[in-house]
Amino acid sequence: MSTNHVEVHEANGVSFRQAPEHFFKSQPSKSYIVDEAQYRAWYDQSINDPETFYGALAKEYLHWDKPFTKVRSGDLTNGDISWFLQGELNACYNCVDRHAFANPDKIALISEPDEESEAYSITFQQLLEKVCKVAGVLQSWGVKKGDTVAVYLPMTPEAVIAMLAIARIGAVHSVVFAGFSAGSLKDRVVDAGCKVVITCDEAKRGGKTINTKKIVDEGLNGVESVSKILVYKRTGNPDVKMTPGRDHYWDEVCANQRSYVPCVPTNAEDPLFLLYTSGSTGQPKGVVHTVGGYLLNAALSTRFVFDLHPEDVFFTAGDVGWITGHTYALYGPLSLGTASIIFESTPAYPDYGRYWRIINRWKATHFYVAPTAMRLIKKVGEAEIAKYDISSLRVLGSVGEPIQPDLWEWYNEKVGNNNCCIVDTYWQTESGAHLITPLAGAFPTKPGSASLPFFGIAPAIIDPATGKELEGNDVAGVLAVKSTWPSVARTVYNDHSRYMDTYLKPFAGYYFTGDNAARDNDGYYWIRGRADDVVNVSGHRLSTNEIETVLDEHPGVTECACIGINDDLTGQAVVAFISLKEGACDINNESEYAAFKKSLVMEVRGVIGPFASPKAIIAVSDLPKTRSGKIMRRVLRKIASNEMEQIGDLSTMANPECVPKIIAAVDSQF
Ligand code: PRX
């Protein structure tokens with residue numbers, strides 16, 4: 001890592017891209033941010049006079065039951081950030097009721113279930129009724145303002161309905177990605193003290209049936225706090241086990257509820273949801289987002305980044321179990337009264353034409369996806385794209401991992417037909433909404449760069465060695481933010497000191513993102529991956545530390561170290577190095593070694609979830625260590641990435657004799 005000003009090369013080889021003509025011609029009306037001058041003027045005001053800037057936008061974009069008396073207070077040093085103080089509003093009212101009253105028949109949600117012949121849409125009026133019924137059920141079960149409710153559902157309209165119903169009664173949703181194991185679900189339900197869990201009987205994905213309710217039963221075994229489970233009948237399999245008194249089918253209990261249940265007003269600073277995310281150490285953190293600031297930034301970023309108009313159709317391919325689904329499948333589009341496509345399946349089911357048929361069928365104008373899905377399609381499904389008319393598209397978004405310039409070009413050409421704006425949006429669970437991103441059509445972009453900060457975000461590149469901010473352009477370091485913004489996470493659930501330690505204390509006065517980044521000579525930002533032990537596999541954020549904890553528990557493992565390596569398909573992949581207990585397995589016996597490794601993978605799948613499985617497990621006699629006994633993951637990373645020339649200084653290593661053996665073990669594996 002450079003500690004000085006450096007020439008950031010990305011800037012030199014890459015030319016600016018202007019928004020294509022077609023983008024402007026196909027807009028329903030003129031852009032919300034018309035040009036770079038407007039962006040700069042708004043940006044400057046958002047940083048220099050946030051009170052005026054956000055005070056006006058909050059009134060324009062949200063309905064307040066009681067006006068706020070102060071736009072913001074608190075700072076990054078004290079970690080006491082608040083926005084829209086004393087203001088009261090309800091997120092569900094803002095996403096559903098006001099649109100149902102103004103445009104009852106307008107489409108709110110489009111459901112694309114696993115089987116595409118079963119696709120359907122629901123209007124704002126229908127959504128309101130469905131949400132109210134679930135809200136009524138929850139209230140009848142004693143769920144009150146401030147209570148946490150877990151949602152463990154696949155990407156179906158019911159997930160969105162459940163979240164909105166929880167928000168409607170002032171409760172707090174904690175969505176757990178339905179790919180998580182029973183144990184991971186349990187940890188999250190227990191940490192958040194959930195009284196109710198909302199799930200389904202079985203899920204469908206890629207033609208396969210997943211026994212969701214069984215996983216929930218396993219996870220909740222012995223969890224006393226959960227008194228009720230609401231079960232949406234996704235498949236209706238009569239053999240799914242229901243515990244009398246605790247488990248209730250969605251359709252049966254909703255049938256007894258009124259189709260209107262009033263919203264419970266919430267304070268702008270009341271929690272709207274928790275979302276667990278992985279960091280470098282320890283258990284996942286329940287990141288807390290609040291009603292007012294989060295909702296405002298969800299609306300503003302959806303409006304300005306995507307230039308989203310009310311008539312548009314927004315297709316976020318990400319799951320509601322992650323922050324992308326929260327902000328850009330639900331709260332962003334619906335707060336703006338725009339239709340959102342909820343997609344349950346995979347890009348490969350029943351074939352690689354699925355995304356394109358969805359876009360064609362619903363005339364989607366916006367498509368928002370992780371580069372990993374595009375890499376897969378580029379590799380195996382590219383021929384399908386040209387078979388469909390997807391000319392309704394105006395904006396293509398990328399999220400969750402860096403999009404390499406060549407993939408950017410491919411996305412632009414093959415999916416966008418050179419007619420769309422591409423927005424490479426950089427942000428995170430904790431930021432609630434975009435941090436650094438193009439605004440479609442407003443200013444030129446550069447393939448591979450997330451470009452410029454969103455309103456209210458004052459980025460800082462910090463030299464990690466000195467902790468000092470690097471001023472000016474052509475600098476590289478770690479990325480922090482020196483302003484507060486409405487949707488920054490306020491705390492970690494029940495653990496504010498962890499919030500302070502993770503985000504605000506590493507560099508006093510700054511919010512630390514955990515990412516490496518560079519600012520080039522035009523002031524454009526380039527995200528260069530995590531600076532901590534977090535890996536990004538297919539857009540899923542994983543802690544190597546968490547995977548190590550699982551592997552360390554295995555009876556055959558003495559110790560282990562997991563690292564991330566680059567992967568052509570998944571962006572990054574996890575490689576686990578393990579040292580074996582005496583007699584645990586004969587690694588020269590191929591089938592025994594394979595079975596042993598499988599047992600380790602099964603352990604990770606069972607404890608965390610299938611998406612956390614290491615790509616490779618490599619047994620070594622000894623892990624590289626410093627003299628004080630710390631595992632040198634840097635050395636493993638370089639060996640696994642075949643970058644021996646960059647292995648660096650080994651003089652602090654206690655056991656350099658292990659290096660050639662590890663190299664041989666890696667060579668035999670890849
Ligand atoms: O490392 C950055 C990467 O994903 C991390 C956040 O992950 P998560 O909280 O799961 O949220 C994912 C959806 C926003 C970041 O710290 N990341 C996200 N977007 C980008 C990115 N890296 C590079 N470019 C991006 N556009």
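**View 1. Packing of helices H3 and H4 in the predicted model.** Helix H3 (residues 36-48) packs with helix H4 (residues 50-61) at an angle of about 110 degrees, and their axes are 5 Å apart. Because angles of 65 to 115 degrees count as roughly perpendicular, H3 and H4 are described as roughly perpendicular to each other. From H3, the residues that take part in the contact are Trp42, Gln45, Ser46, Ile47 and Asn48, and they meet Pro50, Thr52, Phe53, Tyr54 and Leu57 of H4. By class, this contact of H3 with H4 has six nonpolar and four polar residues, and no charged residues. The structure is a predicted model, with a mean pLDDT of 95 for the protein and 98% of its residues at 70 or more. The model scores are ipTM 1.00 and pTM 0.93.

**View 2. The N-terminal annotated span.** An unreviewed UniProt entry lists residues 39-95 under "domain: Acetyl-coenzyme A synthetase N-terminal". Residues 39-95 are 47% helix and 18% strand, and the end C-alpha atoms of the span lie 26 Å apart.

**View 3. Phenylalanine 84 in strand E2.** Phenylalanine 84 lies in strand E2, which covers residues 82-85. Although phenylalanine 84 is not a glycine, its phi is positive, at about 60 degrees. The relative accessibility of phenylalanine 84 is 0%, and this residue therefore counts as buried.

**View 4. Surroundings of serine 174.** Serine 174 has its place in strand E7 (residues 172-175). With 0% relative accessibility, serine 174 counts as buried. Residues up to four places away in sequence are not counted here; beyond them, serine 174 touches Val149, Ala150, Val151, Leu274 and Tyr276.

**View 5. Helix H9 and the elements around it.** Helix H9 (residues 212-220) is largely enclosed by the rest of the structure, because seven of its nine residues are buried. These buried residues of H9 are Thr212, Lys213, Ile215, Val216, Asp217, Gly219 and Leu220. Glycine 222 follows H9 and has a positive phi, near 85 degrees.

View 6. Tyrosine 349 and proline 350 are joined by a cis peptide bond, with omega at about -5 degrees. Proline 350 is located in the loop between strand E17 (339-343) and helix H13 (354-362).

View 7. The loop between H13 and strand E18 (366-369) contains lysine 363. Lysine 363, a residue other than glycine, has a positive phi near 55 degrees. The relative accessible area of lysine 363 is 47%, so this residue is classed as partly exposed.

View 8. Residues 546-630 are listed by UniProt, in an unreviewed entry, as "domain: AMP-binding enzyme C-terminal". Over residues 546-630 the chain is 31% helix and 31% strand. The end C-alpha atoms of residues 546-630 are 17 Å apart.

Key:
Residues numbered from 1 in each chain as written. Predicted model: local features only at pLDDT ≥ 70, side-chain atom pairs only at ≥ 80, totals over all residues. Heavy atoms only, no water. UniProt positions renumbered as here; feature names shortened; annotations may be inferred. Helix = DSSP H or I, 4+ residues; strand = E, 2+ residues; numbered from the N terminus. Axes fitted to C-alpha atoms, helices over the stretch in contact; angles between N-to-C directions. Parallel < 35°, antiparallel > 145°, perpendicular 65-115°, else oblique. Contact = heavy atoms within 4.5 Å. Nonpolar A, V, L, I, M, F, W, Y, C, P; charged D, E, K, R; others polar. Buried < 20%, exposed > 50% of the residue type's maximum accessible area, 1.4 Å probe, protein only. pLDDT = per-residue confidence, 0-100.
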